[in-house]
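Good morning, everyone. Please take a moment with the sequence and the model, then we will walk through the packing.

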Amino acid sequence: MVEKLDVYDRNKKRTGKIIERKQGVALEKGEYIISVQCWIVNSAKKILLTQRSMNKSHGGMWEPTGGLVQSGESSREGIKRELKEEIGLEIDDDKIELIKEIVEENDDLNFFRDTYLIKQDINVNELIFKDNEVMNAKYVSIEEFSNMIKNNESFDWLDYFKELYKYIE
């Protein structure tokens, strides 16, 4: 089933336009979609990363849980759905904190990246990889994460989190 996505204006208001998520779909200038990411940090200040399944583009890469907000969803509903779909994690609203909104504008795709944080000890062995998007998960220190980026095991655009990490209590 093809995912349907709401299109937003520069003020993050729905335009009424809905697009299908598929390769090559371009947005007009001034049109945006919403992407969500959730960084999970445990009491030892280690970061939970998931490994993309080999059948996905960039298979084997490590990243936080995330995806695109589907039509009719709020950003928070979207990240809660992604957490449940990708790693089988159901989390209460009060445990999820929106920590950053990033606007990214490219030639054919503009989006708001809503970045969430969960500060909680989650047992990796209890995660369920049920939609074939994720094949593994592990906790890493911020130093290990930096090295993963340098070694092309994680995406270089995730480097922004190192700055946010400094402010996590």
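Which residues have the most contacts inside the largest nonpolar core? They are Cys38, Ile40, Ile79, Leu83, Leu89 and Ile118, in a core of 21 residues. A nonpolar core here is a set of buried Ala, Val, Leu, Ile, Met, Phe, Trp, Tyr and Cys residues joined through side-chain atoms within 4.5 Å. Buried means under 20% relative accessible area, with a 1.4 Å probe and protein chains only.

Quick housekeeping. This is a predicted model: local features need pLDDT of at least 70, side-chain atom pairs count only at pLDDT 80 or more, and totals for chains, interfaces and linings use all residues. Residues are numbered from 1 along each chain as its sequence is written, and side-chain values use heavy atoms, without hydrogens and water.

β3 (33-41), α1 (75-87), β8 (110-119) and β9 (134-140) each supply at least two of its residues; helices (H or I, at least four residues) and strands (E, at least two) are DSSP runs, numbered from the N terminus. β3 gives the most, with 4 residues.

There is a second, separate core of 20 residues, which includes Trp39, Met61, Ile149 and Phe161.

Now the rings. Centres within 6.5 Å make a pair; planes under 30 degrees apart are stacked, over 60 edge-to-face, the rest tilted. The count is 6 aromatic pairs. Take Trp39 and Phe145: edge-to-face, 5.5 Å centre to centre, 75 degrees between the planes. Trp39 lies in strand β3 and Phe145 in helix α2 (residues 142-150), so this pair ties together parts 106 residues apart in sequence. Both Trp39 and Phe145 are buried. Ring pairs link Trp39, Phe145, Tyr160, Phe161 and Tyr165 into a cluster.

Notes
Buried means under 20% relative accessible area, exposed over 50%, partly exposed in between (1.4 Å probe, protein chains only).
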